[in-house]
Number of protein chains: 2
Amino acid sequence: MTPGRSVKAPREVAPPPSAAADDQLKTTRDRILDVSLDLFLEKGYDKTSLREIAEQLGFSKAALYYHFASKEDIFKALHNRLHALSLNNLSHLGDQTLTLRSWATLLDGFIDMIPANRKLLAMRERNRAAFDSLHDTLHKKDREDLDERLRSSFSDAALPVEQRIRMAFALSGVTGALIFSDESFQGLSDEELVREMKDRVHDALGVGPDPD
Amino acid sequence: MTPGRSVKAPREVAPPPSAAADDQLKTTRDRILDVSLDLFLEKGYDKTSLREIAEQLGFSKAALYYHFASKEDIFKALHNRLHALSLNNLSHLGDQTLTLRSWATLLDGFIDMIPANRKLLAMRERNRAAFDSLHDTLHKKDREDLDERLRSSFSDAALPVEQRIRMAFALSGVTGALIFSDESFQGLSDEELVREMKDRVHDALGVGPDPD
DNA sequence: GTCTATATTTCGATAGAC
DNA sequence: GTCTATCGAAATATAGAC
């Protein structure tokens, strides 16, 4: 396991031994993002200073500015990682009208991505206000964003009330549980988590398991 | 003197006309909390300054310090409002072992409180990182806190995996949907929302509706 | 209880050397 | 690409008059 020093060691973030080698292969830019992700997840975006990020990386605060234009720029880069995930899913879903069945398919795809992106997704959950502020900043006309797509679905008065609640509940059940997943579901394998989550989603949506 | 409408704030909080009279009856302390709640919900705790809070109230920033010792103190007071809600529910739930059925009862009680406390609950969802930081600050030994109670239940390895996921999912489905509730479920009556939410919870937990 | 004015601190960001 | 040193802004918080 990791050495006992979770203190502000100037150099090591205490990565698992196997990841130490990987870190050498990563660009400095990616290492900055990884450290930032950890800190934003743990302390929140606003309460994390550039000084802390630099400290954990072992170099000075000013050096960050060679790689990123601003603190918000780091945040945006993490937002882009999330955005890339959502694009994966949107492609599965054409412009067809949103049914409970297509919603289930969408969420199934989302759930599959959870194990590989748990920290990123949990960080988003814990910093919703900051993310929404960012969202306003980059007021994208092209709301290809998954979030936007989702919200507009919930708001669609043409859909029956029950269906809208089912969709919102299913989505929230998945994303919300992410917050607990690290600390509370320690013993669970990724496969267990994924399978159980999907079962819950299908319960909530009132559709049978996906006949893939 | 009470500075009735000397509000030169650029934008109105737009309180319902009937609430204007109520504001006269409230203590200044409560009015500060109400304005803070609105701003923390809209912009996030960290990005809301005391200057903005004071501005909306029509008096100066320094005046806030007569009523609260610090910004965090305002936050704590809102935390206490939430805490009071959770105590309501914990009393329903003794020290009995947690079953899916008792969990359903707990969440039903929680859902009933949603309409009257929507903003408060949504604000919490949007500021999870800040709330958890606060939680660490007041490291309460007596974890009578609802949140803590819940997390420890999810972590209980004695419970079957499926049950733990069901519980976490049901809770998250409810709290997460709060974020959407204001903007997306505008047309819905409180009764509809409450009933639908309860149905979803019982689906997720795999228990029939509460035979109350 | 509220004011004006100011202290204090922290942080994001920049300049310029190496 | 990283450093030291520093700037400037903004925020929290305090002092003391009214």
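Trainee: How much area do chain A and chain B bury between them?

Mentor: Buried area is the accessible area (1.4 Å probe) that two parts lose on being put together, summed over both. In this predicted model, carbon and sulfur atoms account for 63% of what chain A and chain B bury. Of the area that chain A buries against chain B, 19% is supplied by Phe169(A), Phe180(A) and Arg200(A), more than by any other three residues. The area buried between the two chains is about 3900 Å².

Trainee: What conventions apply to the model?

Mentor: Residues are numbered from 1 along each chain as its sequence is written, and chains are lettered from A and ligands numbered from 1 in the order in which they are written. Because the model is predicted, local features need pLDDT of at least 70 and side-chain atom pairs count only at pLDDT 80 or more, while totals for chains, interfaces and linings use all residues; side-chain values use heavy atoms, with hydrogens and water left out.

Trainee: How many salt bridges are there between chain A and chain B?

Mentor: A salt bridge places a side-chain nitrogen of Lys or Arg within 4 Å of a carboxyl oxygen of Asp or Glu. Lys47(B) and Asp46(A) meet in this way, at 3.0 Å, N to O. The count between chain A and chain B is eight salt bridges.

Trainee: Which element gives the largest share of the side of chain A that touches chain B?

Mentor: Helices are DSSP runs (H or I, at least four residues), numbered from the N terminus. Among those that each supply at least two residues to this side are α7 (118-126), α10 (161-184) and α11 (190-205) of chain A. The largest share, 18 residues, comes from α10(A).

Trainee: How many residues of domain 1 of chain A are in contact with domain 2 of chain A?

Mentor: The domain bounds, from an automatic or database domain assignment, are 19-69 for domain 1 and 74-205 for domain 2 of chain A. Contact means heavy atoms within 4.5 Å. Domain 2 of chain A takes part with 12 residues, and domain 1 of chain A with 16 residues.

Trainee: Which residue meets Asp30(A) in a salt bridge?

Mentor: Between domain 1 and domain 2 of chain A, the count is three salt bridges. The side chain of Asp30(A) forms a salt bridge at 3.7 Å, N to O, and its partner is Arg81(A).
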